[in-house]
Amino acid sequence: MSEPSLVVVDVAGADDATALPFQQLLADRWATAKAEHTTRDAGKPGVRLSCYLDLRQPTDLTAASADAAPVSAAASQ
């Protein structure tokens, strides 16, 4: 991207039930241009999607932080 804090996130998942909720977690945290659907590469397992984040524009962090669980013990320190 041409400006700092603008990020393209490419997501690869086993299926829509994995990739789309992950994208929603990102959208709950930052201003996001979400993908409407996933794509499949012929002959390859899984799905892919791309979404665009603006890290300068957080959404309501209070609600997102209350619902978020740490990814690992190291992340909670």
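Residues are numbered from 1 along each chain as its sequence is written. In this predicted model, local features need pLDDT of at least 70 and side-chain atom pairs count only at pLDDT 80 or more, while totals for chains, interfaces and linings use all residues, and side-chain values use heavy atoms, leaving out hydrogens and water.

**Exercise 1.** Work out the order of the elements from the N terminus on.

Solution. Start with the inventory: two helices and three strands. Helices (H or I, at least four residues) and strands (E, at least two) are DSSP runs, numbered from the N terminus. Reading along the protein then gives β-α-β-β-α.

**Exercise 2.** Find which residues make up the largest nonpolar core, and which element supplies its largest share.

Solution. A nonpolar core is a set of buried Ala, Val, Leu, Ile, Met, Phe, Trp, Tyr and Cys residues joined through side-chain atoms within 4.5 Å. Nine residues qualify here: Val9, Val11, Ala19, Leu26, Ala35, Val47, Leu49, Cys51 and Leu53. Next, sort by element: strand 1 (6-13), helix 1 (16-29) and strand 3 (47-58) each supply at least two. Strand 3 gives the largest share, four residues.

**Exercise 3.** Decide whether Ala35 is buried or exposed, and list its contacts beyond four places in sequence.

Solution. First, locate Ala35: the loop between strand 2 (30-33) and strand 3. Ala35 has a relative accessible area of 18%, so Ala35 is buried (buried means under 20%, exposed over 50%, partly exposed in between, with a 1.4 Å probe and protein chains only). Finally, Ala35 contacts (heavy atoms within 4.5 Å) Gln23, Leu49, Ser50 and Cys51.
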